[in-house]
Amino acid sequence: MAVDDFSHTHPLLHSNGAHANNNHKKNISFVSLAKWVLKLTMWIVFLAYVALFFLIPTDFGTELYADWTAATNGSLFGDIGSMLLLYGAPIIFIAFLAVLYLLISGEDQHQHQLQEKKAPRFRLWTFPVLVDGPLGVVSAAELIGIILFIVFVIWSAYVYTAVIIGTLPGDSTPIEKSFFILENLALRIGTIGLYCLAFLFIPVARGSVLLRLINIPFEQAIRYHVWLGHLTMLLFTLHGLLYVIAWTIEGHLLKLILEWADTGVAHLAGVISLTAGLLMWMTSLYPVRRNKFELFIYTHQLYVIFIVFFAFHAGHFIFCVPAGGIFLFILDRFLRFCQSRKTVDIISIKCLPCGAMELMFSKPANLRYNALSFIFLQVRELSWLQWHPFSVSSSPLDGKYHLCVLVKVIGEWTGKLRGNVLNSSRADLPQTKITASIEGPYGHELPYHLMYENLILVAGGIGISPFLAILSDILHRTREGKPCLPRNILIVWAVKRSNELPLLSSNDMELICPFFSDKLSLEIRIFVTRESQPSLEEGQVHEAMYSSPPVSNSSSMSVLVGTGNNIWSGLYVISSTLGFVILLYLLDIFYVNPYDISPWWYKALLLVICMLASVFIFGGVVVSLWHLWERRNTTREACKDDRIVVEKMQHDEILARNDSCQQKILSSTNTYYGSRPDFKDIFGDISEKWGCVDVGVIVCGPPSLQTSVAKEIRSRNIRIQRNHPIFHFNSHSFEL
């Protein structure tokens, strides 16, 4: 190009670029404004919804409720419509807005957040407050939520008790007074439990848009389900126990327990529901769950009995209170069922000398996840009901068509899996079939490990697995110039035996990102707790055993997951909800009103059937179209099988270079034998070295390790000194 030509064209290019840049800024401003409006609206609806539960027990709340019922009772669905609008609609409305929020956020907004540097400051979600109690490590934000629930229970109990005492008949006998107090107290405690039940199922909807909206992954939300479950079942147990005592005093215990009334509550249905709930509650206690995991899993399937018979017991009118949360759970459960029906090819299996296994699964290119994701794995030869969670050990940038997890033999299920793998690799034995199904991946909506310029990764044993994914993710992003804040990384890893050390060498850092040490400061401190000195085999590389099961039909993981495509998952939620409204309307017009259907329990059954049918029929249509879209995209991926083979060869190349990689890692690693990490010294050293910055601390390991780290972080943040960092606690440990 001539100089004159360039002088004429360059200004035009510059002008077009400036214009495009201005348009981009306008788009960002518009998106930010839309997100702000949506977020404000959701906060207003949520706060009004929470305020509702505090107001209902009061006289003002009772008057407000009466006015609401009078204003809406003549609407489309009568009394059911009033209750659904009051208790169910706010949750569903927030879910609708969450769909819109996630859609307009998009990947570009996520990338913008990853590039944004912020001044060091405390955050409620990452500030550990309680560290030694039965609840585990509790952040400031979680403590606020716990206090709100406790205040709600105490406030409701106080108001209801005052009402009971105020309405106590003055001319009755002591026995009649006792019966009156017990029966009314049982009713009010059941009402408080009912309000807790409204939130119980929201945290266990793994791919729920609500969890994605507030960026809380399922492994963290499950704790809230456990806490709410204990509180709800305690209240329901007191509810039933007080009624039993009252009816015993009255002398009609057996007659009233077996009563199944058409108008009002059905007592027998309540007994069945409470029995199922008690079985789930008892087997979910930590000692039972820890030692008899299969018993816990199997008895927890009784949730179906619990919900259905609770609906029979409470009736259609009262069942509307928890209907919103239960509907979101049904949405998630049906989508998980559709995804889990598909078997997934295991591309390769590697058995490590330390007893762990690395499983590589086939996945479609459009199934997104991040380095802190996890999956639920089912092996049908071992159990049809057991789904075990595993952290992903590969980065999404390692390859588009595969995903890896590390599995350590800990219990009976993992022991059987390793046995099947070993049998399938022996030529002198018949091939043991391994049929795998996967739910997920689930995890944080945003990869928060990329939002800290300074990271401390604390692992215990196989807890190093997600940190391998984090390390690989950061190295890939550093090499490719993608948004990535981390520049200083400290890995603290506690292991029992030195034979676990080769796990670190599964990532060849030089191969992923040549000269990474020029761009990234990485320090690794390993603590071998049960060996006082290096073994004679220290530094030697043990050969891992490989097994490549036959790939059946190139079957990848299904994309039918709530954390997947935002458009399809949003359409699924919206279509199912609209379907529920349509079915309820048709049922009311053509069956309930013409035939004068009046039994409470039967109308509750019809309500449950409408919820299920709307998801199966209307949501099922969207899921079917989603599945067809997935198949169409899969067939368009030319030479996919060849790409999987290439990715597997690249992965095997990294594994084959374990010798040189392990030597490089060991040369830059401090290994301490016969000692445990002293976090006071570790965090003190970091405080002096890194200065006044935000430091993200991610812990993956047993509860004792989390407690030790959280205690030190709390201590340092409370008495923070000038020019010292603010530590942010993040747990990545999955504890069912």
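## Crossing of H12 and H16

In this predicted model, helices H12 and H16 cross in a right-handed way (the near helix is turned clockwise from the far one by less than a right angle). Helix H12 covers residues 303–340 and helix H16 residues 566–592; their axes lie 11 Å apart, at an angle of about 125°. Axes are lines fitted to C-alpha atoms over the stretch in contact, and angles run from 0 to 180 degrees between N-to-C directions.

On the H12 side, the contact (heavy atoms within 4.5 Å) is made by Phe 327, Ile 330, Leu 331, Phe 334 and Leu 335. H16 contributes Tyr 572, Val 573, Ser 576, Thr 577 and Phe 580.

## The chain as a whole

The protein chain has 21 helices and 16 strands (DSSP runs of H or I, at least four residues, and of E, at least two, numbered from the N terminus). Of its 736 residues, 52% are buried (under 20% relative accessible area, 1.4 Å probe). Among contacts between residues at least 6 apart in sequence, 81% join residues at least 24 apart.

## Confidence

The mean pLDDT (the predictor's confidence in each residue, from 0 to 100) is 84 for the protein chain, and 84% of residues reach 70 or more. Over residues 1–15 the pLDDT is below 50, and this stretch has three contacts beyond near neighbours in sequence. Where pLDDT is low, the predicted coordinates should not be read in detail.

## Basis

Residues are numbered from 1 along each chain as its sequence is written, and side-chain values use heavy atoms, without hydrogens and water. Local features need pLDDT of at least 70 and side-chain atom pairs 80 or more, while totals for chains, interfaces and linings use all residues.

Definitions and conventions: Buried means under 20% relative accessible area, exposed over 50%, partly exposed in between (1.4 Å probe, protein chains only).
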